[in-house]
Amino acid sequence: EDARKVISNGADKVGLNTAAITDPELVTRIAKVYGSQATVVSIEARKIAKNKWEAFTESGREPSGVDVASWVRIAKDLGAGELNVTSVDMDGTLKGPDLDLIQELRSCTELPIVFGGGISSLNDVRDLARHGADGIQIGTALHKGLLTISQCKRELATNGFDVREIAGT
């Protein structure tokens, strides 16, 4: 019902985190009605050991006991068409992204991955793209004026990555 409301009010996609872990078949039900391209599994990842992350729920506050690499594969099989991943450990820190995490994700799936957490510079943006992020979510660095969207797009375009046209330039 929530997915129907979101889509009928103009959203292109529905993001699921806690609900997907609690009821994995919800991913399949939404994908069957709206398509995989509209079904995004959000993952709040916390590092629990070297090269091992756990998916957290409730906006990154509650451990789920679910291994991120396993969850990525399951989510794809259930019908997810995209992943939105946040490194909870790095989120808001401006200390750079968890490149090991994006590499792990990229080794698990070819689904599009929008990645965020820790981004503070154009080097971070470029590094994430080089490591396989299809989209980059930036919060604190934009709010604090450390980066602009235009700067990020120019940096990516200059380094050979496809970006949408920058309005007004």
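**Exercise 1.** Determine how the axes of helix α4 (residues 68–78) and helix α5 (residues 99–108) cross, and which residues meet.

*Solution.* Step 1: the axes come within 9 Å and cross at roughly 40°. Axes are lines fitted to C-alpha atoms over the stretch in contact, with angles from 0 to 180 degrees between N-to-C directions; helices are DSSP runs (H or I, at least four residues) numbered from the N terminus.
Step 1: α4 and α5 form a right-handed crossing (the near helix is turned clockwise from the far one by less than a right angle).
Step 2: V68, A69, V72 and R73 of α4 meet E104, L105 and C108 of α5, contact being heavy atoms within 4.5 Å.
Step 3: this contact of α4 with α5 comprises five nonpolar, no polar and two charged residues (Ala, Val, Leu, Ile, Met, Phe, Trp, Tyr, Cys and Pro count as nonpolar, Asp, Glu, Lys and Arg as charged, the others, Gly among them, as polar).

The model is predicted: local features need pLDDT of at least 70, side-chain atom pairs count only at pLDDT 80 or more, and totals for chains, interfaces and linings use all residues. Residues are numbered from 1 along each chain as its sequence is written, and side-chain values use heavy atoms, leaving out hydrogens and water.

**Exercise 2.** Characterise the crossing of α6 (residues 122–130) and α8 (residues 149–158).

*Solution.* Step 1: their axes come within 10 Å, crossing at roughly 50°.
Step 1: the crossing of α6 and α8 is right-handed.

**Exercise 3.** Locate the charged end of R46 relative to the ring of F56.

*Solution.* The charged end of R46 sits over the F56 ring, 4.8 Å from its centre (NZ of Lys or CZ of Arg within 6 Å of the ring centre and within 35 degrees of the ring normal).

Terms used: Helices (H or I, at least four residues) and strands (E, at least two) are DSSP runs, numbered from the N terminus.
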